[in-house]
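Hello,

Here is the structure I promised to pass on to you. My notes follow below it.

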Amino acid sequence: MYRFFVLSCLALTAALSACSTTRQTAPDASIKTSSVIAPEGRKLAYAGDDATPRMSGWHHLAGRTLEVSSLADLKLQDKEVILSFDDGPIPGRTDKVLAILDQFGVKGAFMMVGEMAEMHPALARKVAEDGNTIGSHTYDHANLSSLDFDAAMAEVIKGELAVTKATGTDVSFFRFPYLAESHRLRAAIAMRDMVVMDVDIDSKDYFAGTAVSVTQRTMDLLHRRGRGIILMHDIHKRTATMLPNLLSELESEGFKVVTLKFRRTQAPSNLVASAGFVATR
């Protein structure tokens, strides 16, 4: 039984490591099975270059709070960004990201995998209690484009329910694993009063590389667009390592981090016009 559990965790870790707009060509060897299956309450220590940097002083990176009920409402102004993190929560990684966000006085949008939230409910609750935006990312990071509609929606709903239970809060945002979507799925998810989170700037923190290279790549893309939703992953050690540098760069260049909140409406949100589909609730 124990062997089966460990093998299952290894399979889950491998799936999460592959989360990207394209398949990862250089696996992230920093993720260890022990960090995934560590019991709640156990502190996973890291030292040296991977220790969370300590920052002091007053920051002015926090921007406005944007309330949205549909994708159409998610309009950023010049030099505004949303920090989004996929695939967690995971001890020793997500908690570091939370500490860094707190030090800079900003919030992020965490798209949680349902199975990960189930495994680490206390950490999932902390993400929500810290005032961050909560979203789901399916139950076990399935590629929904490889499933039929009913199976895909079952995976979406199972993930949503798992994240809701773990965090104790409503899940109002969703992101497709691998950004593998369809018109029909987007419309059905919108009918569940959830906003699909797109990606404007992919940090590619899932590629093996230095923290400096991740920061540089992200800033280069941001300079071209001027604003946008930044995709990162709180399961990777390098993400916590690079995050203070990225936030410092954003701050020095006058960017603002927008906090995202869901505004519930009387009628279901209408993200994408769709004809002839049956919404699964």
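What do the buried residues of H5 pack against? First, some background. This is a predicted model, in which local features need pLDDT of at least 70 and side-chain atom pairs count only at pLDDT 80 or more, while totals for chains, interfaces and linings use all residues. Residues are numbered from 1 along each chain as its sequence is written, and side-chain values use heavy atoms, with hydrogens and water left out.

Now to the helix. In H5 (residues 121-129), Leu123, Ala124, Val127 and Ala128 are buried, meaning under 20% relative accessible area with a 1.4 Å probe, protein chains only. These four cover an arc of only 145° around the axis, so they lie on the same side of H5; the arc is that of the directions from the helix axis to the C-beta atoms. The buried residues of H5 pack against helix H3 (94-104), strand E3 (109-112), helix H4 (114-119), E4 and helix H6 (149-167). Helices (H or I, at least four residues) and strands (E, at least two) are DSSP runs, numbered from the N terminus. After H5 comes Gly131, with a positive phi near 90°.

Strand E4 (residues 133-136) holds Ser136, which is buried at a relative accessible area of 0%.

Best wishes

Key:
Buried means under 20% relative accessible area, exposed over 50%, partly exposed in between (1.4 Å probe, protein chains only). Contact means heavy atoms within 4.5 Å.
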